[in-house]
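Student: Could you take me through the aromatic rings of this structure, and explain the reasoning behind each label as we go?

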Amino acid sequence: MKISTFFYILRQGFSNIRRNILFSLASLGTIISCLFLFGIIYAVVVNFQSGMKELENTITISVFFEEDLPEESVQLIGEQIRVLDYVNTMDYISPEEALKNFCEQNYDDPEAAMEAFGDENPLRNSASYSVTLKDVSKQAEFVAYAKDLQGVRSVKSSDVTADGLSTLSSLVGYASVGIVVILMLVSIFLISNTITIGITVRKEEIGIMKLIGATNFFVRAPFIIEGIIIGAVGSAIPLVLLYEMYEKILAYVVGRFKVITSIFAFVSQEELFKTMIPVGLVLGIGVGLFGSLVTTRKHLKV
Amino acid sequence: MIELENVTMTYPGGMTALKDVNLNIEKGEFVFIVGSSGSGKTTLFKLLLKELNPTEGKIRVAGYDYSTIKKNMIPKVRRRIGVVFQNFRLLKDRTIYENVAFAQRVIQTPARFIRRRVPAMLTLVGLADKYKSYPRELSGGEQQRVAMARALVNNPDIILADEPTGNLDPKNSIDIMNLLEDINKRGTTVVVVTHNKEIVNEMKKRVITLKKGVIISDEKQGGYIDED
Ligand SMILES: Nc1ncnc2c1ncn2[C@@H]1O[C@H](COP(=O)(O)OP(=O)(O)OP(=O)(O)O)[C@@H](O)[C@H]1O
Ligand SMILES: [Mg+2]
């Protein structure tokens with residue numbers, strides 16, 4: 001395509017929007033609200049999932065050994081656990097560490113408590129492997145596996161939390177995908193309507209263009225540009241808004257509710273928008289492009 | 001250049017506008033098509049532009065057989081034809097300049113070429129000072145001349161002019177016909193539909209007369225046949 005043709009088509013695309021300003025604004029508005037909603041859902045889901053990941057990593061399963069189990073057997077159990085591909089981390093907790101953890105969790109002055117116990121470690125038989133999994137839904141499987149290992153006395157886990165978390169996570173995922181799909185369909189419908197009106201208004205002009213030798217591409221291109229512009233502007237505006245808002249909300253929440261940030265780490269603005277900007281732009285432009293391609297194909301047949 | 005073989009055109013309402021027409025126009029010819037209102041002259045042009053498809057018969061233009069032509073070749077043939085439509089068909093919301101430039105944009109002419117060519121064409125039809133006007137601000141005759149400029153701007157191989165002097169005074173009519181004759185002398189095939197008896201008789205060109213969709217006369221150096 002020649003460069004002047006490209007600019008001509010671009011100008012025509014803008015002029016289409018200008019001449020059909022009300023409908024263009026209507027579909028622009030829909031895309032903006034759709035993508036704004038999408039952005040909010042996206043931010044919530046990304047934060048939720050990152051929180052989940054963190055929670056999953058803190059859900060530890062303790063594998064305790066039989067009394068006076070020899071060193072080699074303990075190591076053998078360790079190897080049999082490590083070989084599983086869904087195991088994230090595995091740490092050996094010695095009786096001393098177990099006591100230290102116990103004192104830290106239960107006494108105001110852990111060091112004094114430690115000294116009080118002296119050499120009489122009540123947990124001398126409570127050495128364990130502390131295991132975290134890559135995927136909480138594998139917890140039941142792991143517990144069953146570990147219980148059957150030679151030399152294992154007991155396995156302690158928190159089943160309720162694990163199951164609840166994985167169902168909640170997929171539920172939120174499905175719901176948000178559903179909402180976004182519906183919003184996108186509404187946007188496509190409106191863009192398609194806008195372009196249909198543009199074509200109807202310019203039916204005579206299109207007829208003349210074709211009779212003096214315009215190709216289908218030449219006739220279609222301005223309408224497709226129109227769709228792309230509406231899609232691009234319609235995604236840029238909510239993305240900028242969300243970008244500004246997210247920073248403010250984060251700053252507010254972190255400043256106001258310090259407690260939350262100690263148990264829940266928010267995804268940073270930079271990290272969230274590193275994926276949200278391309279996804280949002282692709283969705284917006286994709287909706288505009290798809291809507292205009294389908295509509296022009298339907299109405300501009302020779 | 002233009003060939004019709006047993007062409008019949010019946011409109012969806014049942015009106016047969018052309019009946020078993022056979023016609024051959026060579027490259028470089030100048031041909032008048034005459035005939036009373038409703039005799040099928042505009043229908044013939046619509047067939048040549050492939051705006052309509054004939055009910056029966058074969059049409060060949062510039063080497064393309066319209067019954068077998070590929071869709072993507074249709075714009076290519078149309079670009080070789082410059083048309084002055086009977087009702088002008090100018091774009092209402094674009095200036096005179098844009099209307100003429102438009103024909104060049106369609107065939108992807110570079111912008112710098114358009115900037116030189118369009119004013120030259122408007123000067124040729126005597127409308128250089130009206131380039132900023134819109135069609136509704138022009139008289140019928142002026143609009144007709146804009147349509148003429150648009151038809152000529154791409155240097156087509158064939159010119160189809162449907163009553164290009166229908167709204168012009170005698171002086172302007174003669175100017176336009178002289179213009180068409182000049183272009184014809186440079187090798188362009190020119191087909192003109194007209195009701196202008198004096199001009200037809202004076203120019204001594206080939207004249208094809210249509211009556212109710214049938215060619216009733218085709219003379220090498222003919223005159224205007226009055227049916228009444
Ligand atoms: N779109 C149409 N649908 C149905 N009938 C049509 C259509 N266009 C033209 N006709 C009919 O076909 C016949 C030929 O029309 P055409 O326009 O070719 O005449 P013409 O020779 O150009 O006349 P004029 O000198 O008035 O322009 C007429 O009887 C007309 O009523
Ligand atoms: Mg006519």
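**Rings and their partners**

Tutor: In this predicted model, the charged end of Arg89(B) sits over the ring of Phe85(B), 4.8 Å from its centre.

Student: What makes the charge of Arg89(B) count as sitting over the ring of Phe85(B)?

Tutor: The charged end is 4.8 Å from the ring centre, and the distance has to be within 6 Å, with a further condition of lying within 35 degrees of the ring normal. Lys205(B) likewise lies over the face of Phe30(B), at 5.2 Å from the ring centre.

Student: How many aromatic pairs are found over all chains?

Tutor: The search of the whole structure gives 9 aromatic pairs.

Student: Why is the pair of Phe65(A) and Tyr129(A) called edge-to-face?

Tutor: Their centres are 5.2 Å apart, where a pair requires centres within 6.5 Å. Their planes stand at 85 degrees, and angles over 60 count as edge-to-face, so the pair of Phe65(A) and Tyr129(A) is edge-to-face. The pair links distant parts of the chain, since Phe65(A) belongs to strand β1 and Tyr129(A) to strand β3 of chain A, 64 residues apart.

Student: How do you know whether Phe65(A) is buried or exposed?

Tutor: Its relative accessible area is 5%, and buried means under 20%, so Phe65(A) is buried. Tyr129(A), also with a value of 5%, is buried. Phe65(A), Tyr92(A) and Tyr129(A) form one aromatic cluster.

Student: Why is Tyr243(A) described as partly exposed?

Tutor: Its relative accessible area is 32%, which falls between the limits of 20% and 50%, so Tyr243(A) is partly exposed.

Methods:
Residues numbered from 1 in each chain as written. Chains lettered and ligands numbered in written order. Predicted model: local features only at pLDDT ≥ 70, side-chain atom pairs only at ≥ 80, totals over all residues. Heavy atoms only, no water. Phe/Tyr/Trp six-rings, centres within 6.5 Å; stacked < 30°, edge-to-face > 60°. Helix = DSSP H or I, 4+ residues; strand = E, 2+ residues; numbered from the N terminus. Buried < 20%, exposed > 50% of the residue type's maximum accessible area, 1.4 Å probe, protein only.
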